[in-house]
Amino acid sequence: MPPAGAAGRAEQASILAEIVHARRTGPNVGQLISACEADDTLMKPGSETAANLREMRRDYDLATKLPGELVAELAKVGSQSQEVWKQAREKSDWQMFAPWLEKMLTLTKRKSECYGIAPGGEAYDNLIDEYEPGATASMIQATFTPLRSELSALLARVKESGTPPSEKPLKVKIEPAKQHTFGNFVMGACGFDTQAGRLDVTTHPFCSGIGPGDTRLTTRYREEKFTDALYGTMHEMGHGLYEQGLPKHNYFGEPRAGDISLGIHESQSRMWENFVGRSKPFWKWALPHAKKILGKQLGKYDAKDYFMAVNTSRPSLIRVEADEATYNLHVMVRFEIERALINGSMKVKDIPGEWNRRYQEYLGVAVPDERRGCLQDVHWSFGLIGYFPTYTLGNLYAAQFWERINSDLPDLQRDIAKGKFADLKQWLNEKVHKHGRRYRAGELCKRITGKELSAKPLLKHLTDRAELVYNL
Ligand SMILES: [Zn+2]
């Protein structure tokens with residue numbers, strides 16, 4: 001779409017959203033759901049139909065509990081606040097953004113109150129529940145706290161080792177067209193169906209599961225570092241494989257054809273990006289193809305050089321540029337602050353100080369200004385509060401599933417080194433994708449791995465990698 005079409009498109013989107021909202025929240029929908037719930041044959045415990053109705057009830061209740069006036073206000077103030085945030089970040093001016101964040105917080109707290117706080121719960125639970133149904137702040141805290149202290153300890157070991165791998169293999173210039181061919185080649189090998197999806201270029205990479213048979217992925221290319229696009233593409237491809245694996249052809253529009261949660265969605269992208277794409281077997285397979293498609297410049301290096309280079313770990317200021325090991329510490333800073341803001345134990349004016357103190361303590365870096373500190377993310381400006389933890393939940397679920405996959409598929413590592421990904425994709429289709437929203441994330445995790453979500457598998461994965469790469 002040309003840029004000048006954006007305003008007209010926004011108008012259309014808002015009218016459609018209003019019509020859809022009105023139909024979804026109509027009293028007849030509530031009556032129909034109630035009638036189904038009263039029918040024992042539909043509500044057999046554990047059945048697919050009962051799960052489908054449970055999720056329809058959830059969607060209906062969530063949509064009807066918020067007054068239309070509040071929804072409109074959140075949308076309006078959110079888009080104004082986002083504009084202010086852009087300028088404030090540019091100027092690194094916290095004072096400029098603070099009153100707008102204050103407004104967004106007030107509205108977001110009102111939203112949480114409308115949902116009603118569960119006994120023993122807290123206001124923040126309702127916000128995270130929008131993105132990760134069933135998750136609570138205390139459950140997240142219980143998993144994040146051991147992860148945080150052990151990650152900080154691992155980073156300290158890495159820092160002391162003093163032998164960072166060479167990043168030279170990444171610094172070869174490769175034109176975007178070749179990178180695009182290579183990205184498509186990798187996607188094809190992993191099993192992404194290009195008859196039911198495609199890869200294009202944008203400024204902000206994303207995946208959109210538009211409908212049955214149509215999953216769109218985007219990426220961006222930097223000539224001077226081809227692995228940025230490679231991993232961006234593999235990340236979105238993981239989201240895309242999930243979208244393609246959902247039973248949309250039969251049940252499009254019903255919960256049973258929808259994704260469970262942002263955390264589970266992210267587990268799929270992080271698995272392909274990090275557990276597959278940054279592994280040694282992957283480079284063993286991919287490098288000869290990369291040399292053919294991307295060019296002879298790669299010829300000086302071997303698979304081990306690439307494995308080492310793409311797993312360099314370094315504490316940094318910016319979340320979106322963080323490596324696999326440090327990324328979760330960035331997320332925890334945000335989780336702790338937003339939880340305290342919603343529960344009233346922190347004030348907006350205290351954010352910069354609290355942010356900087358945590359970056360020093362968890363990552364060992366000094367924040368030089370607010371642009372590279374608490375103003376870096378767009379999320380809070382338009383009310384995405386409760387969203388950040390799902391990034392780390394995705395890593396945790398990916399690691400726990402990965403352990404199970406490798407015990408179910410003992411040849412997987414050898415298969416990856418030969419470019420054989422079919423069994424892995426099949427496993428994900430069967431265990432995760434095809435169920436849609438039948439199980440909540442925590443329940444799915446227990447069904448697949450036999451255990452509650454824990455920080456241990458991720459810590460083990462990150463420690464094993466760091467020991468290999470840094471010779472610890
Ligand atoms: Zn993602």
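Asn471 is exposed, with a relative accessible area of 64%, where exposed denotes over 50%, buried under 20% and partly exposed the range in between (1.4 Å probe, protein chains only). This residue is found in the segment after helix 20; helices (H or I, at least four residues) and strands (E, at least two) are DSSP runs numbered from the N terminus. The model is a predicted one, in which local features need pLDDT of at least 70 and side-chain atom pairs count only at pLDDT 80 or more, whereas totals for chains, interfaces and linings use all residues. Residues are numbered from 1 along each chain as its sequence is written, and side-chain values use heavy atoms, with hydrogens and water left out.

Asn471 has a positive phi of about 55° although it is not a glycine. Most residues other than glycine have a negative phi. A positive phi, near 55°, also occurs at Ser92, likewise a residue other than glycine. Ser92 is found in the loop between helix 4 (68-91) and helix 5 (94-115) and, at 21% relative accessibility, counts as partly exposed.

The secondary structure of the protein chain comes to 20 helices and three strands. The radius of gyration, taken over C-alpha atoms, is 23 Å, close to the 23 Å that the globule rule gives for 472 residues, so the chain is as compact as a globular protein of that length; the rule is 2.2 Å times the number of residues to the power 0.38. Along the principal axes, the C-alpha atoms fill a box of roughly 65 × 55 × 50 Å. Of the 472 residues, 50% count as buried. Among contacts (heavy atoms within 4.5 Å) between residues at least 6 apart in sequence, 72% join residues at least 24 apart.

Thr163 lies in the loop between helix 7 (137-161) and helix 8 (176-190). At 44% relative accessibility, Thr163 counts as partly exposed. With residues up to four places away in sequence not counted, Thr163 touches Val469 and Tyr470. Thr163 and Leu70 are 93 residues apart in sequence, and their C-alpha atoms are 54 Å apart in space.

Grid points are joined across faces, edges and corners, and a volume is the space filled by probe spheres set on the points. The second largest pocket holds about 370 Å³ of space. Its lining comprises 16 residues, of which Trp402, Gln413, His461, Asp464 and Arg465 lie nearest the centre. Helix 12 (280-294), helix 16 (389-408) and helix 20 (456-470) each supply at least two residues of this lining, and helix 20 gives the most, with six residues. By class, seven of the lining residues are nonpolar, four polar and five charged; Ala, Val, Leu, Ile, Met, Phe, Trp, Tyr, Cys and Pro count as nonpolar, Asp, Glu, Lys and Arg as charged, and the others, Gly among them, as polar.

The count of cavities of 30 Å³ or more comes to five. The largest cavity has a volume of about 150 Å³ and is lined by 16 residues, with Asn311, Ser313, Glu324, Ala325 and Arg465 nearest its centre. Helix 7 and helix 20 are the elements that give two or more residues to this lining, the largest share, five residues, coming from helix 20. The lining of the largest cavity divides into nine nonpolar, three polar and four charged residues.

The second largest cavity has a volume of about 60 Å³. Residues lining the second largest cavity include Gln179, Phe182, Tyr221, Phe226 and Leu294. Helix 8 and helix 9 (226-245) each supply at least two residues, and helix 9 contributes the largest share, four residues. Seven residues of this lining are nonpolar, three are polar and none is charged.

The structure holds zero disulfides (pairs of cysteine sulfur atoms within 2.5 Å). Cys190 is in no disulfide, and the nearest cysteine sulfur, that of Cys207, is 14 Å away. Cys190 counts as buried at 1% relative accessibility, whereas Cys207 is partly exposed, with a relative accessible area of 21%.

Conventions
On a 1 Å grid over the protein atoms alone, a cavity is a set of points where a 1.4 Å probe fits but cannot get out, and a pocket is an open set with protein on both sides within 12 Å along at least five of seven lines; lining residues have an atom within 4 Å of a point.
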